[in-house]
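Have the sequence and the 3D view ready. This report goes through the fold piece by piece.

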Amino acid sequence: MSGNIELLNTTLAATRAADRAALIAYLPAGFPTVDGGIDAVKAVIAGGADIVEIGLPHSDPVLDGPVIQTADDIALRGGVRIADVMRTVREAHEATGVPILVMTYWNPIDRYGVERFTAELAEAGGAGCILPDLPVQESALWREHADKHGLATVFVVAPSSQDARLATITAAGSGFVYAASLMGVTGTRASVGAQAQDLVGRTRATTDLPVCVGLGVSNAAQAAEVAGFADGVIVGSAFVKAMLDAPGEAAGLAAVRSLAGELAEGVRKR
């Protein structure tokens with residue numbers, strides 16, 4: 001069965017045609033439970049997210065700040081497994097029809113088996129993977145299997161990336177390019193910063209792929225700012241924090257749906 005890279009491509013083309021950025025939401029699988037995590041994904045989509053990234057909880061999440069680390073710890077202590085990640089992708093996609101990607105570090109895939117992981121992700125209806133710690137020069141095996149199964153390979157670029165390095169990364173990627181707005185880990189911040197706009201411009205000079213910005217966006221004003229120069233606005237920690245701060249699961253679902261609505265309004269006000 002083929003994955004949904006084409007759905008991802010058409011979704012990003014449609015938001016661009018509508019002269020707006022896409023809203024891309026991130027939530028970890030298994031948080032606060034597997035069922036609760038699936039409900040949370042449905043809630044952010046109902047609120048207005050165009051695309052969702054499902055985090056595969058990991059014990060050493062080097063790119064993630066304390067908020068997502070806390071959620072990952074809850075999921076891992078709850079016994080989440082890769083099968084639960086695939087179930088989250090499947091049920092969220094079947095219920096909503098939107099593109100669902102998995103964001104994961106390389107080690108879990110390597111241990112699970114690249115062919116097995118890509119085949120199962122495609123069968124679940126996944127659109128691809130974001131791989132923040134997989135070096136492009138070591139990605140041939142992954143890309144071979146991802147291409148075979150119709151999955152996007154999204155690489156992460158950072159403000160420190162030199163232009164020649166950007167060209168190498170974007171030539172190997174598909175779906176979109178994940179532009180980290182600043183050096184550091186995920187988390188909400190008071191300002192997204194000028195570094196992000198410069199990085200988007202330099203990245204666009206190397207590729208026709210959409211360039212989507214993550215790390216730091218937490219409210220509608222920031223979403224509107226980033227939407228002014230990027231093809232997509234990626235929000236993760238703000239959604240996870242809304243779930244963590246809520247007094248109960250129902251309140252958490254209402255909170256992430258409401259936040260998605262505010263951010264969706266923001267990306268339309270670029």
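## Ground rules

This is a predicted model, in which local features need pLDDT of at least 70, side-chain atom pairs count only at pLDDT 80 or more, and totals for chains, interfaces and linings use all residues. Residues are numbered from 1 along each chain as its sequence is written, and side-chain values use heavy atoms, with hydrogens and water left out.

Helices (H or I, at least four residues) and strands (E, at least two) are DSSP runs, numbered from the N terminus.

## The sheet

Start with the sheet. It is open and has 9 strands, in the order β5-β4-β3-β2-β1-β9-β8-β7-β6. The pairing is parallel. Two strands pair if DSSP finds at least two bridges between them. The edge strands are β5 (152-154) and β6 (156-157), and each pairs on one side only.

A helix also joins the picture. Helix α11 (residues 237-245) packs on the sheet and touches β1 and β9. Its direction makes about 50° with that of β1. Axes are lines fitted to C-alpha atoms, for helices over the stretch in contact, and angles run from 0 to 180 degrees between N-to-C directions.

## Strand β3 and Thr104

Find β3 (100-103). Strand β2 (residues 51-55) is joined to β3 by 4 bridges, and the two run parallel. There, Ile54 stands opposite Val102. Strand β4 (residues 128-130) also runs parallel to β3, with 3 bridges between them. Val102 stands opposite Cys129 in β4. Ile100 and Val102 point one way from β3, while Leu101 and Met103 point the other way. All are buried, which here is under 20% relative accessible area, with exposed over 50% and partly exposed in between (1.4 Å probe, protein chains only).

Thr104 lies in the loop between β3 and α5 (106-112). Why does Thr104 count as buried? Because its relative accessible area is 1%. Leaving aside neighbours within four places in sequence, Thr104 is in contact (heavy atoms within 4.5 Å) with Leu56, Ile109, Cys129, Ile130, Leu131, Pro132 and Asp133.

Now move to β9 (residues 232-235). Gly232 and Ile234 point one way, Val233 and Val235 the other, and all are buried. Strand β1 (residues 22-28) pairs with β9 in the parallel sense over 4 bridges. Ala25 has Val235 as its bridge partner in β9. Strand β8 (residues 211-214) runs parallel to β9 too, and 2 bridges join them. Val213 stands opposite Val233. From β8, the chain crosses through helix α10 (residues 220-227) to β9, in a right-handed β-α-β crossover. Right-handed means that, with the strands pointing away from the viewer, the path from the first strand over the helix to the second runs clockwise.

Gly236 lies in the loop between β9 and α11. Gly236 counts as buried because its relative accessibility is 13%. Along the chain, Gly236 and Leu215 are 21 residues apart, and their C-alpha atoms are separated by 7.8 Å.

## Helices α8 and α9

Last, look at a helix pair. The axes of α8 (residues 163-172) and α9 (residues 194-204) come within 9 Å and cross at roughly 65°. Is the crossing of α8 and α9 left-handed or right-handed? It is right-handed. A crossing is left-handed if the near helix is turned anticlockwise from the far one by less than a right angle, and right-handed if clockwise.

Asp163, Leu166 and Thr170 in α8 meet Leu199, Arg202 and Thr203 in α9. By class, this contact has 2 nonpolar, 2 polar and 2 charged residues. Ala, Val, Leu, Ile, Met, Phe, Trp, Tyr, Cys and Pro count as nonpolar, Asp, Glu, Lys and Arg as charged, and the others, Gly among them, as polar.
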